[in-house]
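Hi everyone, thanks for coming. Have a look at the model on the screen, and I'll walk you through a few spots in it.

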Amino acid sequence: MIHFVLLISRQGKVRLTKWYSPYSQKERTKVIRELGGVILNRGPKLCNFVDWRGFKVVYKRYASLYFCMCIDQDDNELEVLEIIHHFVEILDRYFGSVCELDLIFNFHKAYYILDELLLAGELQESSKKTVARLIAAQDSLVETAKEQASSISNIIAQATK
Amino acid sequence: MNPFSSGTRLRDMIRAIRACKTAAEERAVVRKECAAIRASINEDDQDYRHRNLAKLMFIQILGYPTHFGQMECLKLIASAGFPEKRIGYLGLMLLLDERQEVLMLVTNSLKQDLNHSNQYIVGLALCALGNICSAEMARDLSPEVERLLQFRDPNIRKKAALCSIRIIKKVPDLAENFINCAASLLKEKHHGVLITGVQLCADLCKVSSEALEYFRKKCTEGLVRTLRDIVNSPYSPEYDTSGITDPYLHIRLLKLLRILGQGDADASDRMTDILAQVATKTESNKNAGNAILYECVETIMSIEDDGGLRVLAINILGKFLSNRDNNIRYVALNMLMRATTLDAQAVQRHRATILDCVKDSDASIRKRALELLYLLVNENNVKPLIKELIEYLEVSDQEFKGDLTAKICSLVEKFSSEKIWYIDQMLKVLSEAGNFVKDEVWHALIFVISNASDLHGYTVRALYRAFLTSTEQETLVRVAVWCIGEYGDMLVNNVGMLDIEDPITVTECDAVDAVEVAIKRHTSDLTTKAMALIALLKLSSRFPSSSERIKGIIVQNKGNLVLELQQRSIEFNRILQKHQKIRSALVERMPVLDEATFSGRRAGSLPTAISTSSGAPSNLPNGIAKPATAPIPDLLDLSSDDVPAPSSSGGDFPQDLLGVDLSPTLAPSGAGKPPKASTDVLLDLLSIGTYLPVQTGSSAADILSSSQDDKALASLSSLSANATSPVNAAPMMDLLDGHGPGPQKPKENGQAYQSLVAYESSSLRVMFNFSKQPGSPQTTLIQATFTNLSSNVYNDFLFQAAVPKFLQLHLDPASSNTLPASGDGSITQNLKVTNSQHGKLLVMRVRIAYKTNNKDVLEERQINNFPQNL
């Protein structure tokens, strides 16, 4: 099971956190600080796994961002690497060659994508196309609702003119 | 728009925060935003609720408190539109976790949304439920989720499946409701549903043996077929990952097959073909392929034995191990660790490679490799491996030295059949990484040295040499100083010279020099300096000619600012000046420590100041009272780094000096020690046949008397059995007693307590028998009896206990550390518990460690069912 997902920038700034196991706010800050210290200081050619408090943290760097996932001792590290890559590819498709700024200004969208990919700390969907389709459908629902709202307010505005 | 609500958009806020140059600036911006959001919340401003929550989420990611926004999430979730719900649920998952009570308020909205006509809203609700639901919510909403497992849209079914995992993890009782639905998910074609369904089945198997049986019988065949289909499936762009169709599905199927095959030969048999196919056909040049191979190897290792497959698996691991990719090497080490229990021989073949990995530049790989190597060491290869490891110790990173040292020490101790080898290796470790050596390790070394009388001379010379070359390692200095103090004469006179040694000439002056260096070395800590002072005192008697010089060094420390050192110096100085006659008797060599006592002490709570009975000074062998009492117990305890010697520790001194086993003397003399034989009267009654009739009689008498007048018995308990029985026992007992007084008469001091089965597992039973000493109702003596219920002998048996602060616990050494199999004998250990809040129920946490079949077993338990009034 994936216990949490962290996206940390090379400067140690947190870009996204998702906790599938309960951690209090205090613990979260501590975890981020601890892991940030360990992972950011590792050299480029080393393996992508860190033993940490009886768990394993799998991380991978994409440009300036580190994607980290914490898993149980008996989980498959190589698969988690693959899941991270899967996530990045979906983000890339959605944003069109994603960069850190996309994730900062549209963090909620990154969360929506993550929620279509992982649930309860387990992988939910292995098809990038399906995830993209589901996200697009929900985005368009939001758009329609917005349009409706603005057209109603237009009508009201015109009626009260 | 109200004038207080913030007009900034989310994007503007993020820009403003990013523009901050310092943390203080950022805090100011966030504070301002938070104030605006709070104001807006108080206004109950509906238009900006959406935007406020989005801002709060961003603030939350930055690590600022956002609890005040929790209710806003609930409000958004309760609104009708999809956009509001979408952001509301996202906020709920970010801002809350299962432990917040606010979460309960959302249950109703969740229930409504799970039944919503819009499938995307159902999806949102499932997502929130799966990510943060509490046990209560899981129970309340489980029926909805069960129903959704059969929803028409597969994307809802897959979410419901993962949601079910969360539910059964929170409430395992609900597992059986999901078994049938989960099994039907396995027949699906949609990959998302299949992946989540397989995962659900795997988790069901973990919480319910019923589910495991069911899936094993009904689904193994189908799963094997699904796996075969996916392995042989043609290229499909939607699921392709570097040439492999859906590796995630592969891996999950293999994982579930592993669970089903474990411990079931029939099921294992059915999956061997496909496992062989996966193991041989999977491409290993990409990460996805390796991930599948890795999972496949683990499944092969876990299912019931099939020699051919195992060879295949170990070969794959061998290939992994020689891979250039660090990730692959890491997982290979990881898996070989598990393989050692199955086929140690095959893993041994890779020993050289593993040893190389210990020296890798990557900390993660080093750690794994060291753990693996630790498992591989045996009688035959220990010497070369330890040699390699110690050589590596010289060049390893500082951060790694701690781990490495601990492992080396543990191995050297484990295979320490040859004392000279053990001492040699430990000296090397001490000189290389003495600062990383734990206290108990060098204590153990001193213990071994003092027991190896033929090696005293050799050791002290070797230590002296090592000390001359490196004084940086604290523990090396300590051990060297201790040995020079004890065996200084052997150092100077080359006593007990071994063939392998180079001759060395050390004068008395050199030896004293060495100790002086230790005491003056500014990096030496208090313990080392204190030990050096004692060594000097000892040397003053060993080298009469250097006596004056030693006195000079001791006198220099009389003004030491550290009280402990000052006191020692003053006391030692007095001994040197005024008590020349008894000095030599006082500083004789330490008696050899009894092994059982040592291991008992090591295991038990090493008390800083053992509280012993009063009247000890009268036992002093040579009439010296105070001055010498402080340091000498320390010599044995080797833990002088605490408070200035407590006066009560004077009691330890004569006993230690005489080499008396501490265990019996610890019980205050006034009360006599707790009976060795079981005081469990009921048990005695039941076992009449096996005990002497005499003993039965006396314990029966105790039963009767305990119901009458306990105090009378207590006062008489020190009398002989003959005297006791006429007073208390019925005439029938007299008859029995007439046979003569029992040699092992149990003494019931105070009340009789029913004995307690403190702990019972399939492998071990722990009985506690309680007794009290008259006059101290707060103190309970507990005799713990350990019985082995399995058919294997337990070695290195170790019992540890911890109590809360209101209790004080003292553990005596156990009667043995080997527990024979099948209840054929037992270990007893005495505990003394003092309850500072007499009347409050005792609690104790116990931990039992032992080795059986070369495997370390650790059992832990909290004991809450102590009798009252202890």
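Let's start with C99(A), which counts as partly exposed because its relative accessibility is 39%; buried means under 20% relative accessible area, exposed over 50%, and partly exposed in between, with a 1.4 Å probe and protein chains only. C296(B), with a relative accessible area of 1%, is buried.

A quick word on the source. This is a predicted model, where local features need pLDDT of at least 70 and side-chain atom pairs count only at pLDDT 80 or more, while totals for chains, interfaces and linings use all residues. Residues are numbered from 1 along each chain as its sequence is written, chains are lettered from A and ligands numbered from 1 in the order in which they are written, and side-chain values use heavy atoms, leaving out hydrogens and water.

Now, the aromatics. Over all chains, the structure holds 19 aromatic pairs. Rings of Phe, Tyr and Trp (its six-membered ring) pair if their centres lie within 6.5 Å; planes under 30 degrees apart count as stacked, over 60 as edge-to-face and the rest as tilted. Y59(A) and Y66(A) make a tilted pair, because their ring centres are 6.2 Å apart and their planes stand at 45 degrees. Y59(A) is buried at 5% relative accessible area, and Y66(A) is buried at 6%. Over in chain B, W482(B) and Y487(B) have ring centres 6.0 Å apart and planes at 80 degrees, so that pair is edge-to-face. Here W482(B) is buried, at 8%, and so is Y487(B), at 2%. There is also one aromatic cluster made of F786(B), Y794(B), F797(B), F799(B) and Y850(B).

Next, charges over rings: NZ of Lys or CZ of Arg must be within 6 Å of the ring centre and within 35 degrees of the ring normal. R86(B) puts its charged end over the ring of Y112(A), 3.8 Å from the centre. K407(B) lies over the face of Y374(B), 5.3 Å from the ring centre.

Finally, Y112(A) takes us to α4(A), where it is one of the buried residues. Helices like this are DSSP runs (H or I, at least four residues), numbered from the N terminus. Why is α4(A) largely enclosed by the rest of the structure? Because 10 of its 11 residues are buried, among them F107(A), H108(A) and L117(A).

Technical notes:
Helix = DSSP H or I, 4+ residues; strand = E, 2+ residues; numbered from the N terminus.
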